[in-house]
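Welcome! Have a look at the model first.

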Amino acid sequence: MADHRGGVRARTAELVAAAAIAALGALVVADAYRIGIAWDLDGPQSGTFPFWTGIIMITASLVTFTFAAFGRSRVLFASSQELASVARLFVPACMFVAGVLVIGLYLPAAALVAWFMAVIGGYRLTTAALSGLAASGVIFVVFEAWFLVALPKGPVEALLGY
Amino acid sequence: MENLDALFAGFAVALVPGNLGLMVLGVMLGIVIGVLPGLGGANGIAILLPLTFAMPPVSAIIMLSCIYWGALFGGAITSILFNIPGEPWSVATTFDGYPMAQQGRAAEALTAAFTSSFVGALFAILMITAIAPLIAAFALRFGPPEFFAVMFLSFASFVGLTQGSAWKTLAAMMAGFLMACVGLDTVTGQLRLTFGSTELLRGIDFLVAVIGLFGISEIMIAMEEGLAFRGATARIDPKVVSQVWKALPRHWAIALRSCVIGCWMGVTPAGATPASFMSYGMARRLSKDGPTFGTGRIEGVIAPEVANNAAGVAALLPMLALGVPGSPTAAVLLGGLVMWGLQPGPMLFIEQKEFVWGLVASMYLGNLASLVVVMALVPWFAAILRIPFAIIAPLILIACAIGAFTVNNAAFDLVLMLVFGVVGYVMKKLDYPLAPMVLALVLGNRTEQSFRQSLLLSDGSLGVFFGNWLVGSIMAVGFLMLFWPMLGRLRAAVLARLSR
Amino acid sequence: MPTVARRIVFAAAFASAAVAVPTAPTSAQATWEPTRPVQFLVPAGTGGGADQMARTIQGIVSKHELMRQPIVVTNKGGGAGAEAFLEVKNSRGNPHVLVITLSNLFTTPLATGVPVSWRDMTPVKMLALDEFVLWVHAESPWHTVSDFIGAAKSQRLRMGGTGSRQEDHIITAAITRATGAQFTYVPFRGGGEVATQLVGRHVDATVNNPIEAVAHWRAGTLRPLCVFDSQRLPVTEKMTATMAWSDIPTCKEAGLDVEYLMLRGIFMPPGVPEAAVAFYIGLLDRVRATPEWQELMRNGAFNTTTMIGADYARWVEREEERHRSLMAEAGFLAR
């Protein structure tokens, strides 16, 4: 099925993926070789197993690469539109994780819920914001208070004494 | 007979109203632990352990074992509803459970999963009641070569299960093995594949990878397909339960086989994870409709759920009889029991008889209580899928993040989780199979370790894997499983020739 | 009795703090108290010896209400515990972080080259020392250490142990150095597993901690040959029909000159206030006084030596040197 809208072709994605796996395999093989792949006093050295696994992985992805390179398929991996929808999830998810790394989990979690409800769900801004805060509150009570699991916290939580 | 008396005395103690209340509370807490990512199993019980210190010993042990039950039962819920397995042994449940949920059959899948869990657990408890001492002796026969043979059997019964390119399967599996290698090599105590990064010291945790590969990538696909989880229109009919129950006895053969696999894996103690994969693999391999597994077949839920619960329970036996916990969760439970003055080991069944049979009695009752509680909740669980996508998606994302974080209390794991999300998305779109990769990631370490331990013991000779009848026959069954499809073709060819 | 003395000091300080202005250094020291949950790091997975001890302490503290804030036990076993030690090192000045150590405090940095050391942390208190006992199967022909060493010299025996280049491995190497007998060392994942492998006769001997093997000893499947301490174990209660812990000879008196004890101690991040250290010392003293703790010590036949302050630091320093030389001789140092 040829798709004439813009987007990423499956063949391109296939080639990139196979090349990436092979590159990763090469990295592994190099490190495994460094720590040793011979037979030592305590059995096979640490690198033996990853070394051969890496070799098999490289071989397998090179075969996949070759198949894809000679393929003539024009099927799309994902259209621009689809990629845009995925980005609408993935970009906020990345910002959420970045936020957690810097200022702790609770505020970014509230923001994430609010953003999704307001932008994707079309809820009123106040409803969304309150729901976000409520979600954070519930998470706090369940994890920090009941189960005593420490989640990442930042300066704001520190001000509140946690 | 003496044992039976002790068992009934145990029932009498457990059935005091206060203890019944604790049972239900324990089961509920266990389900919460099973459902909330990152609290699962070992962590959850460890967190709740201090709570029981203020109770009398019998109540504390009843409560603890019910928490254990609830967690075992609850593990299936997120696997089926959101494709996010909270524990390694729930992975195989996603293969058919999640497609069922997508087809609007979430309630059916949940009912089948819970009932199977009950059956598997019951079988294992019966085994403990009847032949505990014999089984404990059997477990002692398992050294490193036998352990490797079991791992080999898990892989052999699973490999080749996925359609599509064999090369892609191979690459995915090897990637799984390599991820399992990252961190400290337990055999030589050397760091490998860490590339000097302190973040990679702890290795790549299974849960972080699976949360990304399965959970995050699933939300990405849902976004791509237009902001909705398929199956949101799940019809919730109380009659589903009775319908499923009517249909279940048809699958007795799968259930029985999975019970045996589960008990065996639990006792040896290879654990619930290989049990669930092996059981799923065999169900598929030995079924006429093998190729349609993975598209939402109820057998694909029954097989792993029966096996992992049977194994989860059977794992308590070596823990009690030998002091070797069969799983991390059992290990924490063991710590709790030790706090109560219990000395696990061979003398336990002789010196602390009442205690042991009281525990066994609470296992029967706890199992039953769990079934009742979770079955009552099935419609509510299934209704979660009806929550609008814009609300549930960020909540799942946050839950995934909390789960990934709490595994190692490492913020870096959140970044890994996102990376795995993208990897999972790309793999799904390009038909790279996820299952072999996850299997290799989960079992890779222990497989490699037992292989190398065996070679150490045998001074490098591979003959050790056929050194006695036990290891030899497990290996033989493994090879049989590996070449089963070819054998099938061979048989067809021979039959065709004969009829000509 | 240090415990009693400490308690009196503590009570006195508390009483004076109630009236005195908190600027006086002595009273300020004693009145420090955690203001948020205390993170108790375990540099190993769940279920092991250190983990059990940490969770016991957590349980005792909450059961006897020894502290207003809760203790949260967190396992960070990555990289043979390097992860937990790195976290402590990086939490400079944070008085709400504790870590319990085992021998990997010394072995992990030496074997892996990860840049952490006890010098990057504040020593709080030695809680106890864990003993090691040489075990063989009860049906084996070796009844004494010399039987065993004699056999090991004529054929290569298989020694099972927990982890690689860690305490069990080091003791094995030390036995080789002392006697010349060579062993095939097979690493397993936990002490319980090691003991079962010996019961199943997949290995010939182990150096399990008492608590890991006691159940099998009592069931008559394992036999202790000697204990790697300078004196015999103190527990005289009979564990089997004929033997108590105190009947096991020391390895030295049995002719095997190897000694090894494992530290179970508490450390804090660098740069924490003196008052916080004093608080936790007081807390741990009260933990040690509870019946639950004494029960644990008895069950595990622990060596109950305890130290604080400069004595503790000196002990740790000596122990680090000893590990360095033992590991260097065995060829376990990071390449």
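Buried area is the accessible area, found with a 1.4 Å probe, that two parts lose on being put together, summed over both. This is a predicted model, in which local features need pLDDT of at least 70 and side-chain atom pairs count only at pLDDT 80 or more, while totals for chains, interfaces and linings use all residues. Residues are numbered from 1 along each chain as its sequence is written, and chains are lettered from A in the order in which they are written.

**Where the chains meet**

- About 5,200 Å² is buried between chain A and chain B, and carbon and sulfur atoms give 84% of that area.
- Phe49(A), Phe77(A) and Phe147(A) supply 13% of the area that chain A buries against chain B, more than any other three residues.
- Chain A brings 60 residues to the contact and chain B brings 59, where contact means heavy atoms within 4.5 Å.

**A salt bridge across the interface**

- The rule finds one salt bridge between chain A and chain B, meaning a side-chain nitrogen of Lys or Arg within 4 Å of a carboxyl oxygen of Asp or Glu.
- Lys168(B) forms a salt bridge with Glu14(A), and their closest N and O atoms are 3.0 Å apart.

**Two helices in chain B**

- Helices here are DSSP runs (H or I, at least four residues), numbered from the N terminus.
- Helix H5(B), residues 91-102, packs against helix H9(B), residues 206-224, at an angle of about 15°, with their axes 14 Å apart; axes are lines fitted to C-alpha atoms over the stretch in contact, and angles run from 0 to 180 degrees between N-to-C directions.
- That angle makes H5(B) roughly parallel to H9(B), a label for angles under 35 degrees.
- H5(B) makes the contact through Val91(B), Thr94(B), Phe95(B), Tyr98(B) and Gln102(B), and H9(B) through Phe206(B), Phe214(B) and Glu218(B).

Terms used
Heavy atoms only, no water. Parallel < 35°, antiparallel > 145°, perpendicular 65-115°, else oblique.
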